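Dear colleague,

Please find below the structure that I am handing over to you. My notes on its salt bridges follow.

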Amino acid sequence: MSFAAKLVAVPQREKSGETGYERYDYQALWGLALIFEHHSSAEDYAIAFEFHDDIVLLDNAAAPTEARFYQVKTKGEGHWTLTDLMRRSAKKGDSTEKLPSHMGKLFSNHVNFPDEARSLNFVSNVPVQLVDSSSGTHALASCAAEDFAKFLKKLQAEHPEANETTAKLIHFVRADLSLHDSSSHLKGKLGDFVASVVGSIEYNPDTLYKTIVEECRSRSKFTGAINSFEDLIKHKAITRAQVEAWLDVVRERQRAPEWADVSQGLNLSGLELASLQREWRRYQAAALNPADEGANRLRDAIRTGIDRHMGSPLSMADLLDALFSETEAMARENMSPFIPARMKAMILYEIYRYEPAGKVQKADPQSQAQKS
């Protein structure tokens, strides 16, 4: 059985209790921070949320062969002791049965996937007493020999199959996201990430941040059936291809012209131009949201219309009117509220950043504008 099939076939462990919203959200945000960190270090990957563990990093989005498991826990202050990590509470309603400890739950990923679990990682905003308390990842094996022996003895009481070699799969990760201001911190990480991949570019970071955070949150919260690996990727994971799609939206911003270059080709009254300029600015921000399915359908229709008019002698004003007429019905279905000026601004934006596929030459909006 492939690892992809095994991930779906192996039952997930039961949740031992509810997690507070702030801490639950922290898990999703830390997963996004892991995406930023990992994106430049691998050819392909998928990061799944709330599936077998809080975060699972797969080495491939189509045919994975290994995984890194991350259990994300937070504390308001203090640190984690060996007792904290290995504490087992009584099961609710059955005092004779004990729930697994934090380390027991983490190690169960190796039990379930002994050939594929490359590392088992305990992530927290506060330090673990056993190892170096600085930021970054620290192997359990780096702790004192006496402490490692105590840890292994307690782990074997919960998982008799554990040994010195398998226990060394465990790592501790000191998260650098603050518990109470993680969103602000992550916005900074997003800016650094975009700059490192795309370069210095003007874009709306709040719109992009909201879009990708909601993508991660929706995957964390999805509780529907996962019947196949394809379901897992679709409903619970973020892939390299999806991250590149986010970045492509930012890259496209480089192709958008300034309003001054657009407006000079329009034979409109001052009030009409002012209205279009306001909507143009709004659409520049909205265009950074690839999750708006209505806008995506409308963009596709506009681009199809531009294709049809390639090589036509229409002036910019006439081209704008023609595309507006051809797509108005769809706009009324997909734009709420429908605002004509917003629709025209959207059409202009798509005309100026349009790049046809195949051998068709790119439209020259400036030459069209000069004919108006």
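A residue is called buried under 20% relative accessible area, exposed over 50%, and partly exposed in between (1.4 Å probe, protein chains only). This is a predicted model, in which local features need pLDDT of at least 70 and side-chain atom pairs count only at pLDDT 80 or more, while totals for chains, interfaces and linings use all residues. Residues are numbered from 1 along each chain as its sequence is written, and side-chain values use heavy atoms, with hydrogens and water left out.

A salt bridge is a side-chain nitrogen of Lys or Arg within 4 Å of a carboxyl oxygen of Asp or Glu. The structure holds 18 of them.

One of these joins R118 to E66, with the closest N and O atoms 2.9 Å apart. The pair links distant parts of the chain, 52 residues apart: R118 lies in strand β6 (residues 117–124), and E66 in the loop between β2 (53–58) and β3 (67–73). Helices (H or I, at least four residues) and strands (E, at least two) are DSSP runs, numbered from the N terminus. R118 is partly exposed at 46%, and E66 is also partly exposed, at 26%.

Another salt bridge connects E215 and R219, whose closest N and O atoms are 3.0 Å apart. Both belong to helix α8 (residues 205–221), where they are 4 residues apart, about one helical turn. R219 is buried, with 8% relative accessibility.

In helix α12 (residues 270–286), R282 and E279 are 3 residues apart, and their salt bridge has its closest N and O atoms at 2.8 Å. R282 is partly exposed at 47%, whereas E279 is buried at 5%.

Yours sincerely
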